[in-house]
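Biologist: I have the model open and would like to walk through some of its contacts with you. Can we start now?

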Amino acid sequence: MQVYPLFPLQIVVFPHEDLNLHIFEPRYIELIGDCKENGLKFGIPTFRKGYKLDYGTLVELTKIEKTYPDGRMDIRTKGIEVLRVKKYLNKIPEKLYPGGELALIKMDVEADEDKCERIRDLLMELYSFMNIKVKPKALEKDIFYSTEVAHKAGFNFNQEYHFLQLFTEYERQEYLLDHLQTLIPVAKNMEEMRKKIQLNGHFKDILPPKV
């Protein structure tokens, strides 16, 4: 089985996601150099609270944005497909960086246009009352992958990691819709509470009831 370079991170990375990274450790500077020179892809398995989790995402280097005099780099990558780590190696022979034998999981990506529209509407509703100005570029398309907006939907870490393990777009869209339909009323209540708290101490112009 092929051994891939690995770059464990304490985040969940999704296929189709654009991920920008600042590389500063010597072992990962070497990893990115090898990817650039040999066209290698590398895995980002999710790492959490001192232990490695099984799943992550295979990514490709799309651009080295900047190289610093001391070797540090700003890079752009893109998620390709979900991976499961079958065997983890602390170091690839003759390399500084870790590696692993991976099972690559082909994800179904046939999105439902009506669900895309509903997801878009719910996200825009969420962003509107939370006064979020910057919207995911994916929402500008008629059909987009759910993984393109998953990091902008208010998931916690456990939800993100569960979402990564849904292998059909139907499941992912349904999960995202259920999450947003549950989150939005809660978020609206929290926003109303925040506004009320901010009113404390201010002069209020309130009309009394007509009795």
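Biologist: Which residues does Leu164 touch, not counting residues up to four places away in sequence?

Modeller: Before that, a caution: this is a predicted model, in which local features need pLDDT of at least 70, side-chain atom pairs count only at pLDDT 80 or more, and totals for chains, interfaces and linings use all residues. Residues are numbered from 1 along each chain as its sequence is written, and side-chain values use heavy atoms, with hydrogens and water left out. With residues up to four places away in sequence not counted, Leu164 touches Val12, Val13, Phe14, Pro15, Tyr55, Gly56, Thr57 and Val82, where contact means heavy atoms within 4.5 Å.

Biologist: And is Leu164 buried or exposed?

Modeller: Leu164 is buried, with a relative accessible area of 1%; buried means under 20% relative accessible area, exposed over 50%, and partly exposed in between, using a 1.4 Å probe and protein chains only. Leu164 sits in helix α3, residues 157-164, helices (H or I, at least four residues) and strands (E, at least two) being DSSP runs numbered from the N terminus.

Biologist: Switching to Thr46, what does its side chain reach at 3.1 Å?

Modeller: The side chain of Thr46 reaches the backbone oxygen of Ile11 at that distance, 3.1 Å. Thr46 belongs to strand β3, residues 41-48, and at 1% relative accessibility it counts as buried.

Biologist: Next, the salt bridges: how many does the count come to?

Modeller: The count comes to ten salt bridges, each being a side-chain nitrogen of Lys or Arg within 4 Å of a carboxyl oxygen of Asp or Glu. One of them joins Glu65 and Arg76, with the closest N and O atoms 2.8 Å apart; this pair links distant parts of the chain, Glu65 lying in strand β4 and Arg76 in strand β5 (residues 73-89), eleven residues apart.

Biologist: What about Lys115 and Glu174, where do they lie?

Modeller: Their side chains meet in a salt bridge at 3.5 Å, N to O. Lys115 lies in helix α2 and Glu174 in helix α4, so the pair ties together parts that are 59 residues apart in sequence. Lys115 is buried, with a relative accessible area of 17%, whereas Glu174, at 26% relative accessibility, counts as partly exposed.

Biologist: Last one, how are Arg172 and Glu169 placed in helix α4?

Modeller: Arg172 and Glu169 are three residues apart in helix α4, and are therefore separated by about one helical turn. Their side chains meet in a salt bridge at 2.7 Å, N to O.

Methods. Polar contact = N/O pair within 3.5 Å; in protein donor to acceptor, adjacent residues only side chain to side chain.
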